[in-house]
Amino acid sequence: MPNLEIHQFPCLSDNYGVLIRDASQGVVASIDAPDAKAVAAALKEKGWKLTHILTTHHHHDHTDGNLALKAETKCTIIGPRAEAARVPGIDRQVGEGDTFRFGDHEVRVFDTPGHTAGHITYWLPADGVAFAGDTLFAIGCGRVIEGNAQMMWQSLKKLMVLPKETLVYCGHEYTQANARFALTIEPENAALQTRAKEVAELRAAGKPTLPTTIGIELETNPFLRPHVAAIQQRLGMMGKPDWQIFGEIRERKNRS
Ligand SMILES: [Fe+2]
């Protein structure tokens, strides 16, 4: 199977755009379309022709570019069935358990609701890559806007069991602020301390902190660590269900 080429670029204030290409089959997808001009510029820079948009959720900073890009390229827009009415230009609706081909690459779809009610994640198992939108961030997770803590926790659990080396691309560069918050939840986590320093250095150099991996997130992301005794103790929630502890961490982040 030919390699999947991946190009990530910053756009809007703190979003990432991502392009993927299977050169052998002549297909190029934009993971979400935060901004048509920025996506078009990235395509031009790479010399790639857009054939698909894979939408993770309906928020404007993920779909605002859909119609302009579709008008220009006639690309096919794939997006979440559960919020299809809110995804401009959607051609094909997908949800939990669906698979489709992107060139020679298999794409599997998970429902990962919580940030929005119909949010989906795209996983390319043979390539070891996942596109998590605003569900999972590096050292963080998306705000629970349309769902509840239990729902979001169930969504994160689906990502936590992916192979540890899975590269995870996310919708936003929030990592440095996330690291600062994470250290208030688990200050004794040595892996987190080390990573917070690495993240600060990357950002100071103007470099992205993404993609991350499932393995790194399991070690450093407090939202994925409600089972850790030191965290439960700090929150005064010893032995409480994971989703409740997750919910408390999310509440604290909202207030931070
Ligand atoms: Fe969002």
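**View 1. The site of the iron ion is irregular, with angles of 84 to 176° among its four donor atoms.** Four count as square planar, and six as octahedral, if opposite donors are over 155 degrees apart and all others between 65 and 115; anything else is irregular. This is a predicted model: local features need pLDDT of at least 70, side-chain atom pairs count only at pLDDT 80 or more, and totals for chains, interfaces and linings use all residues. Residues are numbered from 1 along each chain as its sequence is written, and side-chain values use heavy atoms, without hydrogens and water.

**View 2. His57 (NE2), His59 (ND1), His115 (NE2) and Asp134 (OD) coordinate the iron ion at 2.2 to 2.3 Å.** Donors are N, O and S atoms within 2.8 Å of the metal (3.2 Å for Na, K and Ca); water is not among the atoms, so sites may look incomplete. Along the chain the donors follow the spacing H-x1-H-x55-H-x18-D.

**View 3. His115 is buried, at 6% relative accessibility.** Asp134 is buried too, at 3%. Buried means under 20% relative accessible area, exposed over 50%, partly exposed in between (1.4 Å probe, protein chains only).

**View 4. Strand E5 (residues 76-80) is largely enclosed by the rest of the structure, because four of its five residues are buried.** Strands are DSSP runs of at least two residues, numbered from the N terminus. Three bridges join E5 to strand E4 (residues 52-54), and the two run parallel. Ile53 has Ile77 of E5 as its bridge partner. Three bridges also join E5 to strand E6 (residues 92-94), again parallel. Here Gly79 has Gln93 of E6 as its bridge partner. Two strands pair if DSSP finds at least two bridges between them.

Methods. Tetrahedral: all angles 85-135°; square planar, octahedral: opposite > 155°, others 65-115°.
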